[in-house]
Amino acid sequence: MGGTMIKLAVRQVIDASSTGTFAKNVFRDSYAEFLLQSQAYNPDEAFSTFAEMVEHQPKANSLHYKTGFAVGLYIQSLANLIPGTWDTLGNIQLSFERHQFKIMNSGIHDRQLHKVAVLYYTAPLLLHKVIGEYLLLGFNDTTDTFTLKLNDDVSICNFSEES
């Protein structure tokens, strides 16, 4: 079947003001893990923020990956469904085939600075049309379509035209 295939990246930002069990658990456990793991890059507490650690200890970039282990079971509990990503009718929830955890900001003395993102990457979707801020999409194995509204946390991360 020919057509335009895309993959979407959907970002979920989680911070101290986030609501819901999933987000609260991710916030709590990722902050605890960040504090634990950051000790290797900041043994004397010379740096108070994640950005300072990375600036002075480039290997501190591995904290994204290392801190992400603490939230793996929460991600698994989503059963590959991206939180809050429903089509315009509320019938289809987007699924993801992989994810990535990112620390956006954090501080070892101020829990309120902790801000993380989970990036969810979809399987290939058939792009039928772009209508303003809406994507008319379908799955490769069916003729059914659905509409998804674009926002600041949704991005097309892969695009290919097949003949």
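Among contacts (heavy atoms within 4.5 Å) in the protein chain between residues at least 6 apart in sequence, 62% join residues at least 24 apart. The model is predicted: local features need pLDDT of at least 70, side-chain atom pairs count only at pLDDT 80 or more, and totals for chains, interfaces and linings use all residues. Residues are numbered from 1 along each chain as its sequence is written, and side-chain values use heavy atoms, with hydrogens and water left out.

**Overall fold**

- The protein chain has four helices and nine strands. Both are DSSP runs numbered from the N terminus: helices are H or I with at least four residues, strands are E with at least two.
- The order along the sequence is β-α-α-α-α-β-β-β-β-β-β-β-β.
- Along the principal axes, the C-alpha atoms fill a box of roughly 60 × 30 × 25 Å.
- Of the 163 residues, 38% are buried. Buried means under 20% relative accessible area, exposed means over 50%, and partly exposed lies in between (1.4 Å probe, protein chains only).

**Nonpolar core**

- The largest nonpolar core has 37 residues. Such a core is a set of buried Ala, Val, Leu, Ile, Met, Phe, Trp, Tyr and Cys residues joined through side-chain atoms within 4.5 Å.
- Helix 1 supplies the largest share of this core, with six residues.
- Leu8 and Leu137 have the most contacts inside the core.
- Beyond residues up to four places away in sequence, Leu8 touches Leu137 itself and also, among others, Leu94, Tyr120, Leu148 and Ile156.

**Largest pocket**

- The volume is about 190 Å³. A pocket is found on a 1 Å grid over the protein atoms alone, as an open set of points where a 1.4 Å probe fits, with protein on both sides within 12 Å along at least five of seven lines. Lining residues have an atom within 4 Å of a point. Points are joined across faces, edges and corners, and the volume is the space filled by probe spheres set on them.
- The lining has 13 residues, and Val10, Gly84, Thr85, Asn151 and Val154 lie nearest the centre.
- Strand 1 (3-15), strand 2 (81-86) and strand 8 (145-149) each give two or more residues to this lining. Strand 2 gives the most, with five.
- The lining divides into six nonpolar, four polar and three charged residues. Here Ala, Val, Leu, Ile, Met, Phe, Trp, Tyr, Cys and Pro count as nonpolar, Asp, Glu, Lys and Arg as charged, and the others, Gly among them, as polar.

**Second largest pocket**

- The volume is about 160 Å³.
- His64, Tyr65, Gly68, Phe69, His99, Gln100, Phe101 and Lys102 form the lining.
- Helix 3 (63-68) and strand 4 (98-105) each give two or more of these residues. Strand 4 gives the most, with four.
- By class, the lining holds three nonpolar, four polar and one charged.

**Two loop residues**

- Asn42 sits in the loop between helix 1 (21-38) and helix 2 (50-56). Asn42 counts as buried because its relative accessibility is 5%.
- Ser62 lies in the loop between helix 2 and helix 3. Its relative accessibility is 22%, so Ser62 counts as partly exposed.
- The Ser62 side chain reaches the backbone oxygen of Lys59 at 2.9 Å.
- The C-alpha atoms of Ser62 and Ser95 are separated by 27 Å, with the two residues 33 apart along the chain.

Key
A polar contact is a pair of N or O atoms within 3.5 Å; within protein, one must be able to donate a hydrogen and the other to accept it, and residues adjacent in sequence count only if both atoms are side-chain atoms.
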